[in-house]
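Reader: I am new to this structure. Could you take me through it in short questions and answers?

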Amino acid sequence: MKWILPAAAAALTLIGGGAWYMTQASAPGVSQFAVPGVALAQTAEPDTASIVEMVKGSEDAKVEVIEYASYTCPHCATAHANLIPRLTENYIDTGKVRFVYREVYFDKFGLWASLIARCGGPEKFFGITDLIYKGQKDWARAGSDGAIVDELRKIGRLAGMEGDQIEACLGDSAKIGALVAWFQANAAEHGIESTPSFVIDGTTYKNMSYEEFAAILDAKLAE
């Protein structure tokens, strides 16, 4: 999935093909991301410092990989079924790579999925992320907004979260505003134009095969 990202981007507008076109207009209201049936409180300016980076692997790893992905992106689901498990086994779990996952928001559904993934805290984040990608064809195509969020609630409950906890996360207007602003800043910094994209020690790469990825990592590790 791809969108246009001018350097001075400040707002998001949904266009055809499921892509976000970022303009220089005023920032979007949090209300446009509201979950059906969940009330949002008024919130102040977004506090991006409150957003927790989701990381796995050794803090002392020689190489850092940042993945930019959208929960509604089919290519991202494929990467998390095939590429990411191999990277985890051979590079992340072995202490060679520090892996950071950052969400991209093509649409409100991807942001709702992010609220569910983050609801269980860093300890459950990657496990819930796996559930969201594995069930993407079901929840993302459930039909109405209400049906989609109900499917995401089911994933939250499957991950062991209580209903009240899930509703609190879905209605967290401060978190929604901060996540959108955080995504915008990150995407601008690394020139992200499509998902999945990967930043390997500061250099941005588009989606690639495991073999291509491993070759880059091996070269970095040999330096």
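Reader: Is Cys76 buried or exposed?
Author: This is a predicted model, and the values are computed from it. Buried means under 20% relative accessible area. Cys76 has a relative accessible area of 0%, so Cys76 is buried.

Reader: Is Cys73 buried or exposed?
Author: The cut-off for buried is under 20% relative accessible area. Cys73 comes out at 0% relative accessibility, so Cys73 is buried.

Reader: How many disulfides does a search of the whole structure find?
Author: A disulfide needs two cysteine sulfur atoms within 2.5 Å. Cys119 and Cys169 meet this, at 2.1 Å from S to S. The search of the whole structure gives a count of one.

Reader: Which elements hold Cys119 and Cys169, and how many residues apart are they?
Author: Cys119 belongs to helix H3 (residues 108-119). Cys169 belongs to helix H7 (residues 163-170). The pair links distant parts of the chain, and the separation is 50 residues.

Reader: What is the handedness of the link of Cys119 and Cys169?
Author: Both Cys119 and Cys169 are buried. The angle about their S-S bond is 80 degrees, and the link is right-handed.

Reader: How many aromatic pairs are there?
Author: Rings pair if their centres lie within 6.5 Å. By this rule the count is eight.

Reader: What kind of aromatic pair do Tyr71 and Tyr133 form?
Author: Planes under 30 degrees apart count as stacked, over 60 as edge-to-face and the rest as tilted. The rings of Tyr71 and Tyr133 lie 5.2 Å apart, centre to centre. Their planes are at 45 degrees, and the pair is tilted.

Reader: Where are Tyr71 and Tyr133, and how many residues apart?
Author: Tyr71 is in the loop between strand E4 (63-69) and H1, and Tyr133 is in helix H4. Tyr71 has 1% relative accessible area, so Tyr71 is buried. Tyr133 is buried too, at 4%. This pair links distant parts of the chain, with a separation of 62 residues.

Reader: What kind of pair do the rings of Phe198 and Phe213 form?
Author: The ring centres of Phe198 and Phe213 are 4.9 Å apart. Planes over 60 degrees apart count as edge-to-face. The planes here are at 80 degrees, so the pair is edge-to-face.

Reader: Which elements hold Phe198 and Phe213?
Author: Phe198 is buried, at 0% relative accessible area. Phe213 is buried, with a value of 0%. They are 15 residues apart, with Phe198 in strand E6 (residues 197-200) and Phe213 in helix H9 (residues 210-222).

Reader: Over which ring does the charged end of Lys56 sit?
Author: Ring pairs link Tyr71, Phe99, Tyr101, Phe125, Phe126 and Tyr133 into a cluster. The charged end of Lys56 is 4.8 Å from the centre of one ring, that of Phe126.

Reader: Over which ring does the charged end of Arg118 sit?
Author: A charge sits over a ring only if it is within 6 Å of the ring centre and within 35 degrees of the ring normal. The charged end of Arg118 lies 5.1 Å from the ring centre of Trp182.

Reader: What is the volume of the largest pocket?
Author: The largest pocket is lined by 13 residues, and among those nearest its centre are Pro74 and Gln136. Helix H1 (74-81), helix H4 (122-134) and helix H5 (136-139) each give two or more residues to the lining. By class, the lining has seven nonpolar, three polar and three charged residues. The pocket volume is about 260 Å³.

Reader: Is the peptide bond from Thr195 to Pro196 cis or trans?
Author: Pro196 lies in the loop between helix H8 (173-190) and E6. Omega for the bond from Thr195 is near -5 degrees, and the bond is cis.

Reader: What is phi of Asp201?
Author: Asp201 sits in the loop between E6 and strand E7 (203-206). With 36% relative accessible area, Asp201 is partly exposed. Phi is positive in this residue other than glycine, near 50 degrees.

Reader: What separates the C-alpha atoms of Gln32 and Lys108?
Author: Gln32 is in the loop between strand E2 (19-23) and strand E3 (54-56). Gln32 is partly exposed, at 38% relative accessibility. Gln32 and Lys108 are 76 residues apart along the chain, yet their C-alpha atoms are separated by 7.8 Å.

How values were computed
Residues are numbered from 1 along each chain as its sequence is written. This is a predicted model: local features need pLDDT of at least 70, side-chain atom pairs count only at pLDDT 80 or more; totals for chains, interfaces and linings use all residues. Side-chain values use heavy atoms; hydrogens and water are left out. On a 1 Å grid over the protein atoms alone, a cavity is a set of points where a 1.4 Å probe fits but cannot get out, and a pocket is an open set with protein on both sides within 12 Å along at least five of seven lines; lining residues have an atom within 4 Å of a point. Grid points are joined across faces, edges and corners, and a volume is the space filled by probe spheres set on the points. Helices (H or I, at least four residues) and strands (E, at least two) are DSSP runs, numbered from the N terminus. Ala, Val, Leu, Ile, Met, Phe, Trp, Tyr, Cys and Pro count as nonpolar, Asp, Glu, Lys and Arg as charged, and the others, Gly among them, as polar. Rings of Phe, Tyr and Trp (its six-membered ring) pair if their centres lie within 6.5 Å; planes under 30 degrees apart count as stacked, over 60 as edge-to-face and the rest as tilted. Buried means under 20% relative accessible area, exposed over 50%, partly exposed in between (1.4 Å probe, protein chains only).
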